[in-house]
Amino acid sequence: LANRMLDTLAEAWAASHAGASIWADPTVTFLDPCTKSGVFLREITRRLIDGLASHIPDLQTRVDHILTTQVYGIAITRITSLLARRSLYCSKYANGTHSIVKTFATNAGNIWYERLQHTWDGDKCRYCGAGKSVFDRAATLESHAYAFIHTDNIKTHIGNMFGGKMQFDVIIGNPPYQMKGGAGGSSDSSIYHLFVEQAIKLDPKFLSMVIPSRWLAGGRGLDEFRKMMLCKGQLSHLVDFTKMSTAFPGVDFEGGVGYFLWAKNYNGECNYTLITEQQEMEPVLRKLDEFDIFVRSNESTDILKKIIESSASNILSLVSGDTPFGIPTNFIDFKEASFSGAIPIFMTVKGKRRVNYTSRQNIKKNNQLIDVWKVLLPEAYGERGAVPAFVIGKAIIAAPQSVCTQTYLAVGPFQNQTQAESFESYTKTRFFRFLVSLRKITQHALRSTYTWVPMQTWDRTWTDEMLYEKYGITADEQAYIESQIKEMKLAGGDDD
């Protein structure tokens, strides 16, 4: 994967430098701001050693020049600093006996690492969101206060690391993806975008990073990042693996992973390559800012445009936000049998759907939805990149005087059972779930995931045939939708 990224970089460099090879230029500087094993720096060095052979014939002089003036790294932990130096210098000490570099004066060489502390602002680090209760720890333990993102002035910070003002032509790496407890409690927060944003502040000519693909369509706190990446026209290449294990065998990360090439002086369409578990698609030029998120499938965009143009409104006015009644998934104040004044509560217990009972006083919000007909949509449904897919689990019709936990989103109000059943039939169509799938890149389907689902009248049992006709979906488009979305039985079945 590292070499594939470097090949993409080399092609883009040549295209912007009159065909010149980046590996034959002794002045180009490279930085990996989050180095782990040192694979990027090692492969860059290997290519430079070959490319500069005619410019600097003596091998030792060439190696010394490359490793002291062209290739730099910032390690994320003490152990990765030693690993990276071992990969790059053949010695965990840059100036050690076995180091292939003969001119370094320090153990670190150009692989910088110091243990930093988080900057606490109440219970969280103001730079990365790390929880104080988790990472305010002894000096003998890693703090995971990553140096590259724990500063307000990255240019000065980099200069202090490497002993002078530094300007990097290329920044490349695979940053940490999450911060444990960063979203509160046991929930992790995304931090990979912080590395990308910080790298752009260093004003490189090219930037390439491996990051989770969930930023394309979702992720808490990623709206501004997504807007910047999709709308500025500086992504020249985007390679997107729908399953992380295709890129990193043996590793699973929901939503897939991908790498991009950002170019300072590029402004145009993006060369997009989609790689599913089964095959690698042909690269296509795509406009990244057609929608507020990025739709992975090129075939889907034409269908989506047709539906959006034909729709007066969407169903968002009916869909609740997260935790519709203020009751968390791990709620325990319930009883299995009804009691005086009890309200049925739809929930999951040990992964199984259950209807238990609780008091009205436990309901914190959306009281107007308690005593009406509504439909409950599972907030999470994981299939790990399966195609075709159900996309969401089966909906539940909930009668008046009922609530649910955070496991579900509540859709309503409906005037009667007939309307609720009509909406429920809509959720089972491939048409409905296809539109949801375009915004659902992880197992979670929050309110915004339903943005592209058109509003209907709730007076009939909806079928795909009705919807295909209503929106002018061609036979080829129908076949594509049905290749992506599994049939969901109208009643019963094993797809609950």
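## Around Tyr450

Let's start with Tyr450. Skipping its neighbours within four places in sequence, Tyr450 is in contact (heavy atoms within 4.5 Å) with Ile315, Leu316, Val319, Leu377, Pro378, Ile392, Leu409, Phe432, Val436 and Ala445. This is a predicted model, where local features need pLDDT of at least 70 and side-chain atom pairs count only at pLDDT 80 or more, while totals for chains, interfaces and linings use all residues. Residues are numbered from 1 along each chain as its sequence is written, and side-chain values use heavy atoms, with hydrogens and water left out.

## The nonpolar cores

Tyr450 also turns up in the largest nonpolar core, which has 138 residues; Ile158, Trp215 and Tyr450 touch the most other members. Such a core is a set of buried Ala, Val, Leu, Ile, Met, Phe, Trp, Tyr and Cys residues joined through side-chain atoms within 4.5 Å. Buried means under 20% relative accessible area, exposed over 50%, and partly exposed in between, using a 1.4 Å probe and protein chains only.

Which helix gives the most to this core? That's helix α1 (residues 2-16), with 7 residues. Helices here are DSSP runs of H or I with at least four residues, strands are runs of E with at least two, and both are numbered from the N terminus. Apart from this core lies another one of 17 residues, including Ile345, Phe346, Ala398 and Ala410.

Now for helix α2 (residues 39-51) and helix α3 (residues 59-69): they pack at an angle of about 135°, and their axes are 10 Å apart. The axes are lines fitted to C-alpha atoms, for helices over the stretch in contact, with angles from 0 to 180 degrees between N-to-C directions. That angle makes α2 oblique to α3. For the cut-offs, under 35 degrees is roughly parallel, over 145 roughly antiparallel, 65 to 115 roughly perpendicular, and the rest oblique.

On the α2 side, Thr45, Leu48 and Ile49 make the contact; on the α3 side, Leu59, Arg62, Val63, Ile66 and Leu67 do.

## Some backbone details

Gly412 and Pro413 are joined by a cis peptide bond, with omega about 5°. Pro413 sits in strand β19 (residues 408-414).

Asn366 isn't a glycine, yet its phi is positive, near 55°. You'll find Asn366 in the loop between β15 (352-359) and β16 (373-378). Gln401 is another non-glycine with a positive phi, about 65°, in the loop between β17 (396-398) and β18 (403-404). Is Gln401 buried, exposed or partly exposed? Its relative accessibility is 46%, so Gln401 counts as partly exposed.
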